[in-house]
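Please read the points below with the sequence and the model at hand.

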Amino acid sequence: MTSRYRSSEGVNSLTPRRRTVVKAAAAAAVLAGPLAAALPARAADEAPAFLHGVASGDPLPDGVLLWTRVTPTAEAIPGSGLGPDTEVGWTVAKDKALTNIVAKGSLTATAASDHTVKADIRGLEPATDYWFRFSAGGTDSPVARTRTAPAADAAVPGLRFGVVSCANWEAGYFASYRHLAARGDLDAWLHLGDYIYEYGTGEYGTRGTVVRQTSPTHEILTLADYRTRHGKYKTDPDLQALHHKAPVVAIWDDHEFANDAWSGGAENHTEDAEGTWAARQAAARQAYFEWMPVRPALAGTTYRRLRFGKLADLSLLDLRSFRSQQASTASGSVDDPDRTITGRAQLDWLKAGLKASDTAWRLVGNSVMISPFAVGSLSADLFKPLAKLLGLPEEGIALNTDQWDGYTDDRRELLAHLRTNAIRNTVFLTGDIHMAWANDVPVDAGTYPLSASAATEFVVTSVTSDNLDDIVKVPEGTVSAVAAPVIRAANRHVHWVDTDRHGYGVLDITADRAQMDYYVVSDRTNPNATSSWTRSYRTRTGTQKVERTYDPV
């Protein structure tokens with residue numbers, strides 16, 4: 001998410017970037033203090049512990065990826081590089097009591113992988129619930145549920161996915177995860193990026209208040225830092241609860257690395273003072289694959305494709321590893337055909353997959369919004385807080401060049417491909433922007449609705465990260481009541497936008513329609529926040545357009 005909130009006093013503001021050699025030196029200093037703060041204290045003679053829960057991900061018709069992190073000794077905290085090699089057993093069964101065991105085995109957790117382990121289980125039955133557990137040194141992990149994907153040729157009546165994005169630890173509690181976990185009806189859940197944030201404490205938007213402090217407290221730069229931050233997030237009880245209930249399908253966005261990351265750098269990275277970008281990127285990438293139940297795809301990226309019977313396939317994008325640097329909003333270079341958000345190989349892969357797909361629906365896990373978004377018509381009192389949220393200059397052309405709007409040639413090529421090849425029922429599932437949207441994806445936004453819509457897009461809001469009402473510090477809904485009609489008037493392909501609330505989505509798919517139910521949480525600063533349905537939109541097969549429906553599934 002494009003944003004630049006930095007203040008030594010903890011107040012949201014566009015303050016100058018603070019980059020010093022002292023900060024880089026502090027990041028490389030003795031790790032014991034900040035690392036120890038990430039976990040509860042344990043006695044030295046305790047048995048191994050599973051303090052970070054367990055997780056599963058990337059379901060296949062015959063298998064799933066299982067994950068955990070074992071803490072073998074008290075000093076072997078995340079990022080420490082300490083602790084002995086430890087044998088970790090795993091068990092998969094068809095029942096929660098683990099009496100009907102179908103597979104078991106063991107792995108070795110070492111300091112080289114931060115004592116994380118992954119078991120890529122195969123030989124399972126399609127569209128089936130399984131339960132699993134890890135064990136080490138006489139200690140058992142919690143028992144968790146997972147689910148395999150339907151067989152590739154199966155006629156699937158329906159699928160249901162939770163959809164989330166943008167969870168800033170310091171801004172509040174992860175109630176969205178808890179409410180998704182409580183449903184008990186998810187085939188899987190999609191995390192569309194910004195699973196963690198890289199900033200130091202108080203440096204990112206928290207409505208002026210650090211609700212709960214992250215660890216380490218400095219901006220993360222090194223492999224140890226990224227491991228520690230992932231470890232901190234995995235101690236959250238609501239996040240653990242959701243990982244224990246369904247497999248996750250995750251992609252990264254910029255904050256798993258640094259704000260506005262691109263292939264050669266990031267807005268939130270100063271070369272030399274903070275080390276090389278290549279080293280920081282490699283550290284972030286390594287920690288991500290250690291700590292997430294994700295299969296690395298080509299060259300260690302997150303773009304890959306999963307299939308759920310004949311009903312849907314899901315193309316997952318990596319929009320950070322290959323992209324060109326974001327264009328200056330005043331340069332006009334957003335239309336430069338030599339600039340890319342996907343990279344040539346990934347765009348060709350996406351186009352080929354969409355064309356070859358024989359499923360009823362083609363879903364695209366997409367970390368930044370593909371629909372055009374013109375904000376120049378907003379009045380100054382609305383535009384300035386929106387510019388702060390999106391990281392736009394408060395003077396000049398109103399265009400978010402971190403989204404597909406900054407890479408129009410790639411978007412034009414992809415949408416033309418959908419139209420030329422009569423590829424129907426393509427639905428982009430998007431996070432990043434900390435607002436909820438329901439959009440048509442027009443071939444030509446300037447003439448829409450007279451021009452065609454090539455696809456549809458459902459954008460989910462943030463779990464906790466700041467949105468517009470947080471920035472201007474007014475009651476929830478205040479900004480949206482004024483801004484939403486103006487945004488829709490300037491963007492006729494936008495059916496709905498909510499600029500103010502936090503929450504999650506539930507995507508329900510049948511052969512006839514794909515529907516997103518939008519849910520909001522009552523208060524991100526309350527660990528017991530309630531959840532309520534707010535809106536639903538669907539796209540019916542063959543239409544390539546969004547319409548409102550008045551009940552959740």
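1. Basis of the note. The structure is a predicted model, in which local features need pLDDT of at least 70 and side-chain atom pairs count only at pLDDT 80 or more, while totals for chains, interfaces and linings use all residues. Residues are numbered from 1 along each chain as its sequence is written, and side-chain values use heavy atoms, with hydrogens and water left out.

2. The largest nonpolar core. A nonpolar core is a set of buried Ala, Val, Leu, Ile, Met, Phe, Trp, Tyr and Cys residues joined through side-chain atoms within 4.5 Å; buried means under 20% relative accessible area, exposed over 50%, and partly exposed in between (1.4 Å probe, protein chains only). The largest such core holds 40 residues, of which Phe 174, Tyr 177 and Trp 189 touch the most other members. Two or more residues each are given to this core by H3, helix H4 (223-233), H5, S11, H6 and S19; helices (H or I, at least four residues) and strands (E, at least two) are DSSP runs, numbered from the N terminus. The largest share, six residues, comes from H6.

3. In soluble globular proteins, nonpolar side chains tend to be buried together.

4. Helix H3. This helix spans residues 175-183, and its buried residues are Ala 175, Ser 176, Tyr 177, His 179, Leu 180 and Ala 181. These buried residues pack against strands S9 (159-164), S10 (188-191), S19 (503-509), S20 (513-521) and S21 (531-540), and against helix H5 (237-243); contact means heavy atoms within 4.5 Å. After H3 comes Gly 184, whose phi is positive, near 75°.

5. His 434. This residue is located in the loop between strand S15 (426-430) and strand S16 (436-442), and it counts as buried because its relative accessibility is 0%. Which side chain makes a polar contact with the side chain of His 434? The partner is Tyr 197, at 3.5 Å. A polar contact is a pair of N or O atoms within 3.5 Å; within protein, one must be able to donate a hydrogen and the other to accept it, and residues adjacent in sequence count only if both atoms are side-chain atoms.

6. Arg 320 and Asp 253 form one of them, with their closest N and O atoms 2.9 Å apart. Arg 320 lies in the loop between strand S13 (312-316) and helix H7 (344-356), and Asp 253 in the loop between strand S11 (248-250) and helix H6 (277-291), so the pair ties together parts that are 67 residues apart in sequence. Arg 320 is buried at 2% relative accessible area, and Asp 253 is buried at 0%.

7. A further salt bridge. Asp 358 pairs with Arg 307, the closest N and O atoms being 2.8 Å apart. Asp 358 is exposed, at 55% relative accessible area, whereas Arg 307 is partly exposed, at 26%.

Notes. Salt bridge = Lys/Arg side-chain N within 4 Å of Asp/Glu carboxyl O.
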